[in-house]
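Work through the exercises below with the sequence and the coordinates at hand. Each task is followed by a solution in steps.

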Amino acid sequence: MPMSSPDKAWKGRFTVPTDAFVEAFTASVGFDHRLYRHDIRGSVAHARMLAAVGIIEEREAALIAEGLAAIEKEIDEGRFPWSVGREDVHMNIEAALIERIGEVGKKLHTARSRNDQVATAVRLYLRDGIDSLIGQLQRLGGVFLMLAEREAETIMPGFTHLQVAQPVTLGHHILAWFEMILRDSERLIDARGRVNVMPLGAGALAGTSFPIDRQMTAQALGFARPAENSLDAVSDRDFVIEFTAAAALIMIHLSRIAEELVLWSTPQFGFIELGDGFCTGSSIMPQKKNPDVPELLRGKSGRVIGHLTALLVLMKGQPLAYNKDNQEDKEPLFDTLDTVRDCLRALTELLPATTFHRERMRREALRGYPTATDLADYLVRRGLPFRDAHEAAGRAVRLAIDQGVDLADLPLAALKTCSPLIEDDIFPVLTLEGSLAARDHWGGTAPRQVLEAAARGRQRRADLALRSAG
């Protein structure tokens, strides 16, 4: 069986080289190379701290930093020779540093292990990823608010059980989407606080005998504080799971929005037309315009939910401290970040290119007797107990169904057969506008309330941006 090169950081303990298949099987550089910036950033901070406490010389720290900067430039330009034999991004960079600057490069790993090194790089990477996603959620929230204000007077049917329930405005409906992504932003900000803890200095699992300054390194890397417990610091992946859980909720929200866009774009609904640039056609049916982008938004939610499940299962049986299992956390994490990022961009760009058919929405809002609840409320205000009012309104709906007309088109005499309390002033109540006006309270759907809610939404969005920045 072929054997690999014996050039390993841990070769002193072993008498034969790693099996070539095992080397490939255990290597992670094929996917963790994207951590290179964060690994280098952590290494530079570590080297400067080692010099500050007198473990290495200042000139050696400077030489290490200079060498790492040159390596980073090589990677940026696509000139760096990644090696599976060196296992991962961390050992590739360290080996390249030693080749570049000689014996001084071997001092960089003093007072740290790959265990705390990996955990630090992942936290730095995820912290940047969360910041990016929060920014994207902010942009999507801005699109929602713009559309809500523009469509504040657009009447549409509100649904429960996908049946026409009561009239609402499109602006109010879009503000429901806004609430979803505002919560998503809050969750990411909360999760970021638990990501922002530094494992460096924990060593393999039990700290180090060197007099390092962990507070200095944490400050240099922008961490809120160093981790308290060395065992937990190197083996904790709660922060990856928590982020992925928040990401799964983002995707669930995007999937629900996408499902509505798919439904609304069908001829049966006819509420919207998606921009041509966000749709595809059929290879056989010339008339088809398929909503591929929202369908993919819907479909990709399952992928992120799957990553969350994989991470939970990955961690559930691990004893303390670090185990090789944890190498399997990166691909789900990386793909989750990529997927959510792309999906947020897709929806943010799709919505402004979408045409909303206002007259069709209004026409469909008249189907299904959506003002029946307003009739029941009218009777309650006239002194009828709600259950009796509900029954009377139901009889009125049955009359309208039998005559094939809307409630507002029933003659007063017919309405009075349902309840003698009904008078001429019922007819404004039974219109779409009257229904909206009757619910012009907090959380109401009338145009004025939508605009006021959107203004509050802009302030909440701004407050969240400040919280995120702070």
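**Exercise 1. Find the contacts of T169, leaving aside its neighbours within four places in sequence.**

Solution. Contact means heavy atoms within 4.5 Å. With that cut-off, T169 is in contact with E151, A152, T154, I155, M156, L436, T445 and V450. Helices (H or I, at least four residues) and strands (E, at least two) are DSSP runs, numbered from the N terminus. Finally, T169 has 0% relative accessibility and therefore counts as buried. Buried means under 20% relative accessible area, exposed over 50%, and partly exposed in between (1.4 Å probe, protein chains only).

Conventions: this is a predicted model, in which local features need pLDDT of at least 70 and side-chain atom pairs count only at pLDDT 80 or more, while totals for chains, interfaces and linings use all residues. Residues are numbered from 1 along each chain as its sequence is written, and side-chain values use heavy atoms, with hydrogens and water left out.

**Exercise 2. State which residues H38 touches, and whether H38 is buried or exposed.**

Solution. H38 is located in helix α3. Not counting residues up to four places away in sequence, H38 touches A121, L124, Y125 and D128. For A121, the C-alpha separation from H38 is 5.1 Å, although the two are 83 residues apart along the chain. The relative accessibility of H38 is 11%, so H38 counts as buried.

**Exercise 3. Describe how α3 and α4 are arranged.**

Solution. Take the axes of helix α3 (residues 36-52) and helix α4 (residues 58-76): they come within 8 Å and cross at roughly 175 degrees. Axes are lines fitted to C-alpha atoms, for helices over the stretch in contact, and angles run from 0 to 180 degrees between N-to-C directions. The helices α3 and α4 are therefore roughly antiparallel to each other (angles over 145 degrees). Residues of α3 in the contact include Y36, I40 and V44, and those of α4 include A61, I64 and L68.

**Exercise 4. Identify the residues that touch the most other members of the largest nonpolar core.**

Solution. A nonpolar core is a set of buried Ala, Val, Leu, Ile, Met, Phe, Trp, Tyr and Cys residues joined through side-chain atoms within 4.5 Å. The largest has 94 residues, and F144, L347 and L351 touch the most other members. Beyond four places in sequence, L347 touches L140, F144, L254, I257, L261 and L297. A second, separate core of 21 residues includes A389, V397, L412 and I422.

Conventions: Parallel < 35°, antiparallel > 145°, perpendicular 65-115°, else oblique.
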